[in-house]
Amino acid sequence: MVAGMEILRHIVVLVHLVGFAILFGAWVVEAASRRIRVTRLMSLGMTIAAVAGLALAAPWGIDYELNYVKIGVKLIVLLVIGALIGIGSARQRRTDSLPAAIFWPIGILTLANAAIAVIWR
């Protein structure tokens, strides 16, 4: 049964990575097009990554201790990204524009969160 749980955990990791890819990819498309705006795809990617990340924070299907400090830091960064996307979406609906001070940190923090996942052991 351990092998089955390990496979399930790997599938959740894959879903988590897909969520990150959707969020960061959508942001890169907007940045490359020089359109400073938040899209629904960014929100969807963040939600997928968040739900899968929370599932991965549970100690199931592993034989080692989780790094809860790392998980906490990643969660805080994710909450800031979510707040920026939410504030940006609301502001965009009201004024039909988005300040660069909201747009750029979304991508930078998303990349930083991925770096934390890979570099911090």
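Author: In this predicted model, a residue is called buried when its relative accessible area is under 20%, exposed when that area is over 50%, and partly exposed when the value falls in between.

Reader: Why is R35 called partly exposed?

Author: R35 has a relative accessible area of 36%, and a value that lies between 20% and 50% falls in the middle class, so R35 is partly exposed. R37, with 37%, is placed in that class by the reasoning that applies to a value in between.

Reader: Is E30 buried or exposed, and what makes it so?

Author: The relative accessibility of E30 is 5%, and the limit for a buried residue is under 20%, so E30 counts as buried.

Reader: What makes the meeting of the side chains of R35 and E30 a salt bridge?

Author: The N to O distance between the side chains of R35 and E30 is 2.9 Å, and a salt bridge asks for a side-chain nitrogen of Lys or Arg within 4 Å of a carboxyl oxygen of Asp or Glu, so the pair qualifies. E30 also meets R37, here at 2.8 Å from N to O, which is again within the 4 Å limit.

Reader: Why speak of a network of salt bridges for E30, R35 and R37?

Author: E30 is bridged to R35 and also to R37, and the three residues are therefore linked through salt bridges as defined by the 4 Å limit. A search of the whole structure finds two salt bridges.

Reader: Why is M42 called buried?

Author: M42 has a relative accessible area of 0%, and buried means under 20%, so the term applies to M42. M42 lies in helix 2, and its contacts, with neighbours within four places in sequence left aside, include L23, A26, W27, E30, R37, I85 and F103.

Reader: What makes the phi of R34 worth a remark, and where does R34 lie?

Author: Phi of R34 is near 60 degrees, a positive value in a residue other than glycine. Most residues other than glycine have a negative phi. R34 lies in the loop between helix 1 and helix 2, and at 77% its relative accessible area is over the 50% limit, so R34 is exposed.

Reader: Which loop holds D96, and why is D96 called exposed?

Author: D96 is placed in the loop between helix 3 (68-95) and helix 4 (100-119). Its relative accessibility is 70%, and exposed means over 50%, so D96 belongs to that class. Phi of D96, too, is a positive value near 60 degrees.

Reader: How many helices and strands does the protein chain have, and what share of its residues count as buried?

Author: The protein chain has four helices and zero strands, which gives the pattern α-α-α-α along the sequence. Of its 121 residues, 31% count as buried.

Methods: Residues numbered from 1 in each chain as written. Predicted model: local features only at pLDDT ≥ 70, side-chain atom pairs only at ≥ 80, totals over all residues. Heavy atoms only, no water. Helix = DSSP H or I, 4+ residues; strand = E, 2+ residues; numbered from the N terminus. Buried < 20%, exposed > 50% of the residue type's maximum accessible area, 1.4 Å probe, protein only. Contact = heavy atoms within 4.5 Å.
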